[in-house]
Amino acid sequence: MLGAAALGACVIEPLELDGKRCPCSGAWVCDTARDVCVRDGGMDSGIEDARTLDRAAADVARSDAPRDATEQDDLGAPDAGDPGPTRCDDVLSDAIFCDGFEATDPAAGILEPWGFELIFGGTGELATVDDPVRHGERALRATTFENGARAAIGVTRDDLPSDGTMWVRMWLYLPGDVEVDSISLLYVGNRDGSEGVSAQTYGGGRIAQWIGPADQWHGTETSLPRDRWTCIQYRVEIADVGGEIELFVDDEPAGLFVDLDTLATGGFAGLEAGIEYTGDTQLPLTLYVDEVALSRTRLPCD
């Protein structure tokens with residue numbers, strides 16, 4: 001039996017659980033949004049107020065004590081995301097295709113409603129994450145590990161338009177530390193992927209459009225915002241002759257390209273999003289994608 005002196009000499013250092021994964025114990029509680037332990041009472045108004053979605057500028061500023069984020073802060077800040085449900089279930093429910101990556105888990109081999117990954121030779125990776133997120137609870141993270149690599153998710157469908165009007169939309173989160181040389185972000189093409197149209201970014205982060213059937217690339221002077229969610233859309237008037245494409249960033253026109261061949265050989269059948277293509281001089285990067293949709297009518301940025 002140990003004596004009292006021996007017991008008194010044994011001092012156990014306090015258990016530090018800050019940032020460790022749940023479950024937690026003692027003076028630590030679980031931040032369910034991030035699945036990590038934090039000190040009980042050490043957060044602003046409790047765990048729910050510290051969720052990923054509650055990130056208005058006023059809430060994280062030095063003057064946090066006088067006021068918390070207002071309802072307008074949370075709903076209006078485009079970089080904070082929207083705590084509401086995925087728009088695929090409401091305002092985009094009539095789209096031909098829409099997915100917010102709520103059930104997708106590429107790391108576990110679950111791709112539905114997508115059909116394939118565009119990754120070659122282990123040089124890229126796809127995963128779904130809960131931060132950052134634009135709508136719902138999950139978004140897609142795309143990462144490349146080598147120059148010129150690809151990391152995109154795709155689907156092949158028989159119901160994509162090959163005449164009339166087609167609208168394509170995605171939410172993009174481009175981190176501020178990404179060095180942009182040439183990246184294809186959102187592609188619609190024919191069944192074998194040999195010809196299509198794509199929204200791209202180049203030259204430090206400006207938006208551009210590739211029109212494969214016309215063998216034309218058009219850069220713009222519109223820069224993509226960094227470290228916040230940005231809505232990218234383009235409208236295609238599909239035609240062998242006299243077609244056009246109009247590009248938008250956050251609902252604002254960024255370029256109109258007319259009198260083009262915009263019909264992919266064999267018609268459109270494939271949609272790809274993420275790091276769909278990079279040039280040989282493009283350094284490795286990570287970006288995030290949410291709420292990818294395709295329709296005959298304009299897809300709102302909300």
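Guide: Contact, or touching, means heavy atoms within 4.5 Å. By that rule V292 touches F97, C98, D99, F101, W114, R169, M170, L186, L271 and A273, leaving out residues up to four places away in sequence. Bear in mind that this is a predicted model, where local features need pLDDT of at least 70, side-chain atom pairs count only at pLDDT 80 or more, and totals for chains, interfaces and linings use all residues. Residues are numbered from 1 along each chain as its sequence is written, and side-chain values use heavy atoms, without hydrogens or water.

Visitor: What makes C88 buried?
Guide: Buried means under 20% relative accessible area, exposed over 50%, partly exposed in between (1.4 Å probe, protein chains only). C88 has 14%, so it counts as buried.

Visitor: Why is the link of C88 and C98 called a disulfide?
Guide: The term takes a pair of cysteine sulfur atoms within 2.5 Å, and C88 and C98 have theirs 2.0 Å apart. The torsion about their S-S bond is about -70°, so this disulfide is left-handed.

Visitor: And how do you know that C231 and C301 form a disulfide?
Guide: Their sulfur atoms are 1.9 Å apart, inside the 2.5 Å limit. This link is left-handed too, with -60° about the S-S bond. Both C231 and C301 are buried. The structure holds two disulfides.

Visitor: Which residues touch the most other members of the largest nonpolar core?
Guide: A nonpolar core is a set of buried Ala, Val, Leu, Ile, Met, Phe, Trp, Tyr and Cys residues joined through side-chain atoms within 4.5 Å. The largest has 47 residues, and W114, L186, V188, Y234, L271, L287 and V292 touch the most other members. Apart from it lies another core of nine residues, including A139, W229, C231 and C301.
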